[in-house]
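Let's take a friendly walk through a protein structure. Have a look at the picture, and then we will go through it piece by piece.

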Amino acid sequence: MDDIDAWVWWLIGAAGLGIPLVVTAMPEFGMFAVGAVAGALTAGLGGGVVLQVLVFVAVSVALLAVVRPIAARHRAQMPQLATGIDALKGKQAVVLERVDRSGGRVKLGGEVWSARALDTGRTYEAGQEVDVVDIEGATAIVM
């Protein structure tokens, strides 16, 4: 064990921190792994043990302080491309069968959907264009 250089131990540590990064998908482990690689570089350049540990800590903390808030901001943003039923909200549909509070049919996005009126007092006749307000299950709520 004494024959192995310190930089090798740092790289083993970096690889060891990479495993939970892949398994748990926690980016913090990746930041610590990069800190361990920086410690290995310091050891490879002849830095002492104290300097190696300080570089590891400094790089890891710097990455946590800078990268983590940026990642959290990106994670909190809504996707720019709406997909699924979210993409249908706000679209226009054509009434195929009379739509009222109890139901009806509309053509939405090239498909026939069951629909019902948002306003329970309104009725939409065949051929009218309506706006999709929401989707509840397989029913388009229109107005």
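## Strands that pair up

Isoleucine 135 stands opposite alanine 140, which belongs to strand S5. Before going on, a word on the source: this is a predicted model, in which local features need pLDDT of at least 70 and side-chain atom pairs count only at pLDDT 80 or more, while totals for chains, interfaces and linings use all residues. Residues are numbered from 1 along each chain as its sequence is written, and side-chain values use heavy atoms, with hydrogens and water left out.

Strands (E, at least two residues) and helices (H or I, at least four residues) are DSSP runs, numbered from the N terminus. Two strands pair if DSSP finds at least two bridges between them. Strand S5 (residues 139-142) is joined to S3 (residues 111-117) by 4 bridges, and these two run parallel. Within that pairing, serine 114 has threonine 139 as its bridge partner. Another 4 bridges link S5 to S4 (residues 129-136), this time antiparallel. The hairpin of S4 and S5 has 2 residues between the strands, and there glycine 137 takes a positive phi near 65°.

## Regions from the record

| Residues | Helix | Strand | End C-alpha atoms apart |
|---|---|---|---|
| 7-26 | 90% helix | 0% strand | 25 Å |
| 32-65 | 88% helix | 0% strand | 12 Å |
| 86-142 | 0% helix | 60% strand | 14 Å |

## A pair of rings

How many aromatic pairs does a search of the whole structure find? The search finds 1. Tryptophan 10 and phenylalanine 56 form this pair, which is tilted, with 5.4 Å centre to centre and 40° between the planes. Tryptophan 10 lies in helix H1 (residues 6-24) and phenylalanine 56 in helix H3 (residues 49-76), so the pair ties together parts that are 46 residues apart in sequence. Rings of Phe, Tyr and Trp (its six-membered ring) pair if their centres lie within 6.5 Å; planes under 30 degrees apart count as stacked, over 60 as edge-to-face and the rest as tilted.

Is tryptophan 10 buried or exposed? Tryptophan 10 is buried, at 17% relative accessible area, whereas phenylalanine 56 is partly exposed at 21%. Buried means under 20%, exposed over 50%, and partly exposed in between (1.4 Å probe, protein chains only).
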